[in-house]
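Let's take a friendly walk through a two-chain model together. Have a look at the sequence and the 3D view first, and then read on.

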Amino acid sequence: MAQSYTPGLKVLANTPSEKVRQLPLKGEVLVEVGDSVSADTVVASTHIPGNVQMLNVARQLNVEVEAVAGCMLVKVDEKIQKGQVIAESKGLFGYFKTQLKSPIDGSFANVSNITGQALFSEPPIAIEVDAFTAGTIKEIMPQEGVIVNSKGALIQGILGIGGESHGQIVLAVDSRDEVITKDKLNDSHTGKIVIAGSYLPLDVFTHAQTLGINGIVVGGFDYDALSSILGYNLGVAVTGSEELGISLMITEGFGEIAMAEGTFNLFKEFEGKFASINGSTQIRAGVIRPEVMIPHTEDIYSTELKESDMIISENSPVRVIRAPYFGKVGTVVSLPAPLVQMESETMARVAEIKFEGGDIVTIPRANLEMILH
Amino acid sequence: MSNKINGDNINVIMATDCGSTTTKSILIQKIDDEYRLTHRGEAPTTVEAPFEDVTRGVLNAIMELEELSGRTILKGEDIQSPASGDDGVDIYISTSSAGGGLQMMVGGVVKSMTGESAQRAALGAGAIVMDVLASNDGRLYHEKVKRIRQLRPDMILLSGGIDGGTVSHVVELAEVLEAANPKPRLGINYKLPVIYAGNNNAQDAIKERLGEITDLTVVDNIRPTLEEENLQPSRDKIHDLFMEHVMAQAPGYKKLMGWTDAPIMPTPGAVGEIIQKIAKQDNISVVGVDIGGATTDVFSVFENQFNRTVSANLGMSYSICNVLAEASIPNVARWVPYEMDEKGLTNRIANKMIRPTTIPQSLEALKIEQAIAREALRLSFEQHKEFAVNLKGVQQERTISDTFEQSSSGETLVNMMDLDLLVGSGGVLSHAPRREQATRMLIDSFLPEGITRLAVDSIFMMPQLGVLSTVHEKAAVEVFEKDCLIELGSCVAPVGKFKDGQVMLTYEINLPNEKVMGEILAGQIKLITLEYVGCSAVFIPGNGLDLGNGKNESIQTEIHGGVVGILLDGRGRQPFAIPTDMHTRVEKLSEWSLATNEYPQEAK
């Protein structure tokens, strides 16, 4: 039987997952293997060097570079305060001395005998990494971070913005093809993760921001609305560092597109549960998709995806991910081996797909996405 | 592993290119004393989980070669070498851009001088230059420190000052690096490789500052005097460190390095090698372009000087929205022969960005992709022209006393009238359903002037041939010319101001079986079908126009056809303009499409 590899987003009711929680620089791991953690437990922390300031002491004091070291009134690594006199010229017969004051609170790092530059460092900045989702610590990476074992629902989106957040799942629409409106959101949604339907207008997104909603999940969104939120056109899909106060996860794509049935139903099933959302996306080699994780202990069928699950074959459920049938769901009827010429005259490996209405059409395999659940 | 190979005994060559998503393999065999491409295979690259070993993808791509060729190359997981009968290969070589390629920062004292030289060295070695630090780049110290910490490059090339000159400026840059204490992008357990290629008098001071905290290597100055640029020692060291550090961090590469008979090269570095070889062999000026999903590389050789630029975010899938942002919607829309809803267009293009591996099924989708490709190519070439400048041009300015204040660079080396050959590569060009489409995309975006030959890379194998050229030049050049390069034909385009309705060009071409002659009016294109043979021809430019011999001067020459033919382009150069009125624009685009057999005519 013919088969083909295809990408697919995970929409799983109950799956084990491992989250690597790593510091950007070496630091301290604060938990031990076997510890139970909640989403906001800090598992590792470190300090990154503070911002630096450089001052050309030679120029400021009007002395030769070689004389700078002798003019310094503070020692390397000594703590200093803003406005503190840190260097002084010898002056003329002890008079007409020029003084130099520290521009920052921090410490004196060093001074160059070639350039006359002195380097001052602001206090280190603390960086903390939390567990993101409830679970147990599986592994410690000494000085770097941990791996958290978790179990529950995992729902990936296609693109997100706004980094990590947590909150209770709440549905704000009745169906997956409903366009959410402003009046559907109110104070009761503050601090929660709201599930919308097929489309999120820009004004509803900004209203959600104003209400202090932590996360919002929707089928489709406009590219120009995304540009308005970010303040620039997203040229490459690498996101996560935006400071918006809310995380957004788009499940299907740009435009008005009904949320996939499996995705919407899963959110409905877990309404009221506490979840973690991460809008970070990286569509490059080593792709990272946005995700919602809903830890639970319910005794429902557990799925662990294998590489073979990415192979489509006859009867596989698939979704079309490019025009002219974008968003349509169907099943694979056959995977013909020869290349087939498309309307564009592109020669492509294709699949014959039977849509829910019964129509059978030919689609390039590259334009299909496996429905994984 | 040895890069000294006895060329006489080489009959079977295998090469792979480990791309970010696909590993491509080719098999070259000596047939009747000539090297020819015989088979090609591919498999997904396996640097990500669950495999995390690049050699898995390489083995899969080799196995596809075995299936297609009937040749037994592998014995278990070992490559059989040398070849014997239907078994094994004589050489195995590879390139790689997996893991995002080689990402570098470079530094120089004066941005337009040593900074630019350092950039040229890094780009020529196949790197992506993330930022250029310079004493005069306008940023404050702490801003530079912050930037270095943010970017986390794979490697830094630091240059600055001429030999024997003042040391303080370059030492100041080293102090910025020292303060930043940069960490490499891949792996937090090793020191960042830094190459110092600046003023030799400052070497000790640089070692003092960076010797402990980085993995510092000192090479010859990139700019020993104002008049001289010495890029090769830095480029060689970049390649060495790429192998030792960056590649060694990528999963499975240590094993792969043990398999190859020559050092693994960064993919763009290898493409640059082949472009240079072709220019040198035929003594011609060449522009090459490789348009990928994330980046577009442009290579040129003019006046025997090689330049490469990489437009890191001008590509056809991962960065397609950036093309739209940089080009603007009207510039993309000007190539589309119908009216478009702006919101619908941007959503459609953005959907390609988030699902980058999809392909255009409808003709409408193909036209939009090719419209964007024209703009990605145009913008990349604009960037290349700005960067590929003549060092001699700046020499006079830079020898006057206060060099630090000099900011202007030389004249661009890129002279389209002097261009002999324009070569396109990358999916949107190599895999365009009709070669006429690749021809039109190349002409519309690069706007060649006078008489220019056009070609495309048949299946994107320039990287493998590039690395092959370093160990077996004859094989690389033969395969490049016979199997890689598809001659599209020639473009004839007069340059200069013209009036509507004016005769742009009068032509007389002696085709193998007939003589064709006629006139091309302003705004017209005519395609004359001619395979890849040379024909004598006479071209007379219209009043006030130039075809390369000067204004109003005719040209008698031999012109080559190709799989498309000779395209006589009367749309003008300097200026070249597309009508802005919607109705006229659509009419003209349709007329040009029809004249060049670009698209099937029955559908939109």
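Two strands pair if DSSP finds at least two bridges between them. Helices (H or I, at least four residues) and strands (E, at least two) are themselves DSSP runs, numbered from the N terminus. The model is predicted, so to speak of a local feature takes a pLDDT of at least 70, side-chain atom pairs count only at pLDDT 80 or more, and totals for chains, interfaces and linings use all residues. Residues are numbered from 1 along each chain as its sequence is written, while chains are lettered from A and ligands numbered from 1 in the order in which they are written.

**Chain B**

Let's begin with an open sheet in chain B, where 4 strands follow the order β20-β19-β22-β23 with antiparallel pairing. At its edges stand β20 (515-521) and β23 (555-560) of chain B; each has a single partner strand, so one side of each is left without a neighbour in the sheet. From one strand to the next, the twist averages 25° (axes are lines fitted to C-alpha atoms, for helices over the stretch in contact, and angles run from 0 to 180 degrees between N-to-C directions).

Now turn to strand β10 (residues 193-196) of chain B. In a regular strand, side chains alternate between the two faces of the sheet. From β10(B), P193(B) and I195(B) point one way, V194(B) and Y196(B) point the other way, and all are buried. A residue counts as buried if 20 or more other C-beta atoms lie within 10 Å of its own, as exposed if 12 or fewer do, and as partly exposed in between, with C-beta atoms placed from the backbone.

Here are some strand pairs from both chains, each with one example of bridge partners.

| Strand pair | Sense | Bridges | Bridge partners |
|---|---|---|---|
| β19(B) and β20(B) | antiparallel | 7 bridges | L505(B) and I520(B) |
| β9(B) and β10(B) | parallel | 3 bridges | L158(B) and Y196(B) |
| β10(B) and β11(B) | parallel | 4 bridges | V194(B) and L216(B) |
| β10(A) and β11(A) | antiparallel | 4 bridges | S107(A) and S121(A) |

Chain B as a whole is divided into domain 1 (7-96), domain 2 (99-255) and domain 3 (286-596), with bounds that come from an automatic or database domain assignment. The C-alpha centres of domain 1 and domain 2 of chain B lie 35 Å apart.

**Chain A**

Chain A has 5 helices and 31 strands. Its radius of gyration is 28 Å, well over the 21 Å that the globule rule gives for 373 residues, so chain A is more spread out than a compact globule. This radius is taken over C-alpha atoms, and the rule is 2.2 Å times the number of residues to the power 0.38. Along its principal axes, the C-alpha trace of chain A spans about 100 × 50 × 45 Å. Buried residues make up 42% of the 373 residues in chain A.

Chain A also has an open sheet of 4 strands, in the order β6-β11-β10-β7, with antiparallel pairing. Here β6 and β7 (79-80) of chain A stand at the edges, each with a single partner strand, so one side of each lacks a neighbour in the sheet.

**Where the chains meet**

How many residues of chain A are in contact with chain B? There are 45, and they touch 51 residues of chain B, where contact means that the C-beta atoms, placed from the backbone, lie within 7 Å. The largest share of the side of chain A that touches chain B comes from β6(A), with 3 residues.

Definitions and conventions
Contact = placed C-beta atoms within 7 Å.
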